[in-house]
Amino acid sequence: DVYKRQILRHQSLRVIAVNKQLAPARSGGAGRSLRKLPNSVSRDNASAEAAAYVNTISDSQTRQSASQNLLSQWANTDPVAASQWLQTQPSTEEMENSFSNLAGNWARMDPEAATRWVSSLPANSTRDRAAQSLINNLMQHDMPSAVDRLDLINEPRQRRNTEQQIAHNWLQTDPATARIWIQNSDLPTEMKTQLLNPNPGG
């Protein structure tokens with residue numbers, strides 16, 4: 001009805017307003033130390049205000065949209081605070097995606113801190129998706145570190161597929177090192193053969 005639409009419009013405008021307050025932090029806050037912020041939510045007034053307001057939104061669709069906007073900005077300026085707030089939110093498919101997105105963004109700034117956070121999550125599909133995002137990021141520039149994080153993925157098939165993807169990508173960038181790793185890995189023999197000799201008849 002008209003009254004409900006007015007309420008939702010007011011909430012949307014309010015979210016836009018508090019999101020604008022986060023813009024200055026996006027340009028200058030990424031270099032801040034991530035290891036000294038156990039109470040970082042309270043240290044960033046703009047982000048804290050936005051998070052507090054999002055928690056008051058009653059309409060689920062509006063709240064979900066606002067949450068995604070907040071996290072996309074917050075993850076780049078204060079991932080510790082973003083992770084703390086994210087873990088207080090209701091579990092939904094979209095929030096599972098947010099765990100994954102946060103892990104990937106955080107890995108670009110501080111892979112060790114991102115790894116500690118992913119490791120602290122319960123061993124379930126949410127952590128598997130976050131770990132996948134972390135590993136995917138590391139695969140772009142640090143294959144040994146990506147390998148070291150494989151055990152963060154609890155689901156066997158997903159872990160095996162990721163291991164295979166690491167092998168395939170590594171062969172493209174550093175074949176000699178990749179071949180040594182593949183030969184000593186726990187990949188199935190048939191898979192090793194396919195990776196190391198993809199064209200046996202060629």
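## Contacts, core and rings in a predicted helical chain

In the protein chain, residues 24 or more positions apart account for 57% of the contacts with a separation of 6 or more; contact means heavy atoms within 4.5 Å. The model is predicted, so local features need pLDDT of at least 70 and side-chain atom pairs count only at pLDDT 80 or more, while totals for chains, interfaces and linings use all residues. Residues are numbered from 1 along each chain as its sequence is written, and side-chain values use heavy atoms, with hydrogens and water left out.

The chain has twelve helices and zero strands, where helices (H or I, at least four residues) and strands (E, at least two) are DSSP runs numbered from the N terminus.

Of the 202 residues, 45% are buried, meaning under 20% relative accessible area with a 1.4 Å probe, protein chains only. The largest nonpolar core holds 49 residues. Such a core is a set of buried Ala, Val, Leu, Ile, Met, Phe, Trp, Tyr and Cys residues joined through side-chain atoms within 4.5 Å. Trp-117, Val-118, Ile-166 and Ile-182 touch the most other members. Leaving aside neighbours within four places in sequence, Val-118 contacts residues including Ala-103, Arg-127 and Leu-152.

Three aromatic pairs are found in the whole structure; rings of Phe, Tyr and Trp (its six-membered ring) pair if their centres lie within 6.5 Å.

| Residue | Helix | Helix residues |
|---|---|---|
| Trp-170 | helix 10 | residues 156-173 |
| Trp-181 | helix 11 | residues 175-184 |

Ring pairs also link Phe-99, Trp-106 and Trp-117 into a cluster.

Technical notes:
Buried < 20%, exposed > 50% of the residue type's maximum accessible area, 1.4 Å probe, protein only. Phe/Tyr/Trp six-rings, centres within 6.5 Å; stacked < 30°, edge-to-face > 60°.
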